[in-house]
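These are my notebook entries on a single model, set down in the order in which I looked things up. The structure is shown first, and the entries follow.

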Amino acid sequence: MQDNVGMETKWLEDFVSLAETRSFSRSAQLRHVTQPAFSRRIQSLEAWAGVALIDRSSYPTHLTPAGETLYAQALELLQSLHNTRDMLRSQGLAEQDLMALLEPSLQKS
């Protein structure tokens, strides 16, 4: 297990794609990477998790029980990350709007 290696969000996005397409080549194409690079990213995720996530013995590929667990969690985590980003961006826009409203009164002082 590689506890000192960080997990990258794109690995989860790749994994979700693979879980849904059940094809390394199709997922690589959808994710705009070469198939070897895509496979390495899935292997990196498995190394990070410390367990096999994909059953590669059949085509189309299947998730292992650990992969099924991660798939459900990955969907929730990625949605949460996207929601958080949207909230932060909304706050940033609200702050910009507030500053635009306050700017004329600050210039008079």
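**Entry 1: Salt bridges**

I counted the salt bridges and found six in the structure. The model is a predicted one, and each value below was computed from it.

I began with Asp 14, which pairs with Arg 31 in a salt bridge whose closest N and O atoms are 2.5 Å apart. This pair links distant parts of the chain, with Asp 14 in helix 1 and Arg 31 in the loop between helix 2 and helix 3, 17 residues apart. I then looked up the exposure of both partners. Asp 14 is buried, at a relative accessible area of 0%. Arg 31, at 24%, counts as partly exposed, because the buried class ends under 20%.

Next I took the salt bridge between Arg 41 and Asp 14, for which the N to O value is 2.5 Å. Arg 41 belongs to helix 3 and Asp 14 to helix 1, so this pair ties together parts 27 residues apart in sequence. Both Arg 41 and Asp 14 are buried.

I also noted the salt bridge of Arg 56 with Glu 46, at 2.8 Å from N to O. Here too distant parts of the chain are linked: Arg 56 sits in the loop between strand 1 and strand 2, Glu 46 in helix 3, and the two are 10 residues apart. Arg 56 is partly exposed at 39% relative accessibility, whereas Glu 46 is buried at 10%.

**Entry 2: Aromatic pair**

I searched for aromatic pairs and found one in the structure. It is formed by Phe 24 and Phe 38, edge-to-face, with 6.0 Å centre to centre and 85 degrees between the planes. Phe 24 lies in helix 2 and Phe 38 in helix 3, so the pair ties together parts that are 14 residues apart in sequence.

**Entry 3: Helix 3**

Since helix 3 holds Phe 38 as well as Arg 41 and Glu 46, I examined this helix by itself. Helix 3 has 15 residues and spans 21 Å from its first C-alpha to its last, close to the 21 Å expected at 1.5 Å a residue. I listed its buried residues as Ala 37, Phe 38, Ser 39, Arg 41, Ile 42, Leu 45 and Glu 46. After helix 3 comes Gly 50, with a positive phi near 80 degrees.

**Entry 4: Backbone geometry**

I then looked for positive phi values at residues other than glycine. Arg 22 has a phi of about 60 degrees although it is not a glycine. Arg 22 is found in the loop between helix 1 (9-21) and helix 2 (24-30), and is partly exposed, with a relative accessible area of 32%.

His 32 likewise is not a glycine and has a positive phi of about 60 degrees. The loop between helix 2 and helix 3 (35-49) contains His 32. At 72% relative accessibility, His 32 counts as exposed, because that class begins over 50%.

Which peptide bond is cis? I recorded the bond from Tyr 59 to Pro 60, with omega near 0 degrees. Pro 60 lies in the loop between strand 1 (54-55) and strand 2 (62-63).

**Entry 5: The chain as a whole**

I closed with totals. The protein chain has four helices and two strands, and its elements run α-α-α-β-β-α from the N terminus on. Of its 109 residues, 26% are buried. Among contacts between residues at least 6 apart in sequence, 52% join residues at least 24 apart. I noted an accessible surface of about 7500 Å², with 55% of it belonging to carbon and sulfur atoms.

Note on methods. Residues numbered from 1 in each chain as written. Predicted model: local features only at pLDDT ≥ 70, side-chain atom pairs only at ≥ 80, totals over all residues. Heavy atoms only, no water. Buried < 20%, exposed > 50% of the residue type's maximum accessible area, 1.4 Å probe, protein only. Phe/Tyr/Trp six-rings, centres within 6.5 Å; stacked < 30°, edge-to-face > 60°. Expected span 1.5 Å × (residues − 1). Salt bridge = Lys/Arg side-chain N within 4 Å of Asp/Glu carboxyl O. Contact = heavy atoms within 4.5 Å. Areas by Shrake-Rupley, 256 points an atom, 1.4 Å probe, with all protein chains shown as cover.
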